[in-house]
Amino acid sequence: MKNILVTGAAGFIGYHLCERLIKIGHTVIGLDNLNDYYDVNLKIDRLKELGINSVSANEIVFSTKHGDKFQFVKIDIEDHENLQRLFNQFQFDVVCNLAAQAGVRYSIEEPKVYVDTNIVGFMNLLECMRQYNVKKLVYASSSSVYGNNAKIPFGINDKVDEPISLYAASKKANELMAHTYSHLFDIETIGLRFFTVYGPWGRPDMAMYLFTDAILNDRPIKVFNNGDLFRDFTYIDDIINGVIATIEKELHSNKKYRIYNIGNGNPVKLIDFIVAIESYIGKKALKENLPMQPGDVSKTWADLSELNKDYNYKPLVSVKQGIGNFIVWFKDYYNVVNQ
C-alpha cells in the first residue's frame, strides 16, 4: 500500500479518486485550495463525503470516516513554501496531480489564472518531488492539447503543437515540464489526457450538469454549433479505474516519461447526448442554438490502444447508463421531486 498525495482532492475527479484509493487500502493526503471557479459548497460537500467536516488554511485535518487513512489540507499549489512543508511532513510514494484551473472558455477571459495554477503550481510540485525524492507522478493532461486535429481518433503520437486555447497550452506545457524532470531527475511521470469526464458529483460548468439543470428547471440550454459537435464522453468510474491502474502498476520499463489517452473511445454527437438526457428526464429541452465558441474543438475521439496495452484499460460504462446514474445523483443532491 502506498502513501499518495492527491491534489485537487475536492474536485470532481479528485474526490472520486480519493474515495477509491482509500477503499482499496492506500493512505491518502488530499490537497485543494477550494477556489471559487464554481460553487464552493459542492467542493465542501464532496469533502464531507470523505469525512472532512471543517477546513483551515495549511492545517492537516483527519477524516472522521477514515481516520489517518485520509487527511486533508487546504493549500494552493502556487504556495511553494507551504507545499514544501507538506512534502517534508509526509514521505509520499506517489503524487497524483489533479489540481488545475479548468475550463476552455474561461481561459480566454482569465489567462493569468491558468499560468499561475497550471504552470507555476505544476512547477512547484515537480520541484518538491525532486527535493524530497518522490519518484512517481501521475498527472492530468487533457484532450484539448490535440486542438483541431484532423486525424481521427486522436493518437498519443499525433502532433500537439497547435493548441487553440490557453488551457490547452498550459496542459501541453505540463507535459513538456514532466518530460524535462523525467529526463533530468529520473522521476517517472505519467500524463493522462482526459476526454470529457462526466458523472455524479460532476462540475457545474460541464455539459452534462448544465443540460440536466436547465431541462429540469425549464430554462433553455445553449447548443453550440447546432449540436454538430462530437465528444468522447467518459464516465467517472472508467476514468478512476484507469488512474488507479497507472498509480498501482509498475511497468518495469526504462521509459520514465509516458503519455496516455484516457476516454471512452466512442464519440457521441452532442445533439444525441441531449436527446438521451431528455429521454431519461422525460422532458424536452428548450434549445438556444449558438455558433461555435472560440477555443472549442469540433470533435474528440480517444485512441486508447496504448493505455489498454500497458494497463489493460477498458471503459465499461455506456453513455446511456452513465447519464442515468448522473441524473439520479443530481435529483437526490438537489432534492428534485420526480417530474
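Select strand 5, residues 94-97, in this predicted model, and look at its side chains: Val 94 and Cys 96 point one way from the strand, Val 95 and Asn 97 point the other way, and all are buried. In a regular strand, side chains alternate between the two faces of the sheet.

Strand 1 (3-7) runs parallel to strand 5 and is joined to it by 4 bridges, and here Leu 5 has Val 95 as its bridge partner. Strand 6, residues 136-142, also runs parallel to strand 5, with 3 bridges between them; the bridge partner of Cys 96 in strand 6 is Val 138, while Asn 97 stands opposite Tyr 139.

Now widen the selection to the whole sheet, which is open and made of 8 strands in the order 3-4-2-1-5-6-7-12, with mixed pairing. Strand 3 (61-63) and strand 12 (257-262) stand at the edges, and because each has a single partner strand, one side of each is left without a neighbour in the sheet. From one strand to the next, the twist averages 20°.

With the sheet still displayed, bring in helix 1, residues 12-23, which lies across strand 1, strand 2 (27-32), strand 4 (67-74), strand 5 and strand 7 (188-194), and runs at about 165° to strand 1. Then show helix 6, residues 166-185, which packs on the sheet and touches strand 6, strand 7 and strand 12; the direction of helix 6 makes about 155° with that of strand 6.

The aromatic rings are the next stop, and the count of aromatic pairs comes to 30. Return to Tyr 139 and select Phe 122 with it: the ring centres are 5.3 Å apart and the planes stand at 65°, so this pair is edge-to-face. Phe 122 belongs to helix 5 (residues 111-131) and Tyr 139 to strand 6, so that the pair links distant parts of the chain, 17 residues apart. Both Phe 122 and Tyr 139 are buried.

A further pair to select is Tyr 198 with Phe 233, whose ring centres are 6.3 Å apart and whose planes stand at 90°, so this pair too is edge-to-face. Tyr 198 and Phe 233 are buried. To see a cluster linked by ring pairs, select Tyr 15, Trp 201, Tyr 209, Phe 326, Trp 329, Phe 330, Tyr 333 and Tyr 334.

Finish at helix 9, residues 270-281, which has 12 residues and reaches 17 Å from its first C-alpha to its last, close to the 16 Å expected at 1.5 Å a residue. Its buried residues are Leu 270, Phe 273, Ile 274, Ile 277, Glu 278 and Ile 281, and they cover an arc of only 140° around the axis, which puts them on the same side of helix 9. These buried residues pack against helix 7 (207-216), strand 9 (220-224), strand 13 (268-269), strand 14 (286-290) and helix 11 (319-333).

For a sense of distance, select the C-alpha atoms of Ser 279 and Phe 70, which are 209 residues apart along the chain and separated by 39 Å. Just after helix 9, Gly 282 takes a positive phi of about 85°.

Technical notes. Residues are numbered from 1 along each chain as its sequence is written. This is a predicted model: local features need pLDDT of at least 70, side-chain atom pairs count only at pLDDT 80 or more; totals for chains, interfaces and linings use all residues. Side-chain values use heavy atoms; hydrogens and water are left out. Two strands pair if DSSP finds at least two bridges between them. Helices (H or I, at least four residues) and strands (E, at least two) are DSSP runs, numbered from the N terminus. Axes are lines fitted to C-alpha atoms, for helices over the stretch in contact, and angles run from 0 to 180 degrees between N-to-C directions. Contact means heavy atoms within 4.5 Å. Buried means under 20% relative accessible area, exposed over 50%, partly exposed in between (1.4 Å probe, protein chains only). The expected span of a helix is 1.5 Å times one less than its number of residues. The arc is that of the directions from the helix axis to the C-beta atoms. Rings of Phe, Tyr and Trp (its six-membered ring) pair if their centres lie within 6.5 Å; planes under 30 degrees apart count as stacked, over 60 as edge-to-face and the rest as tilted.
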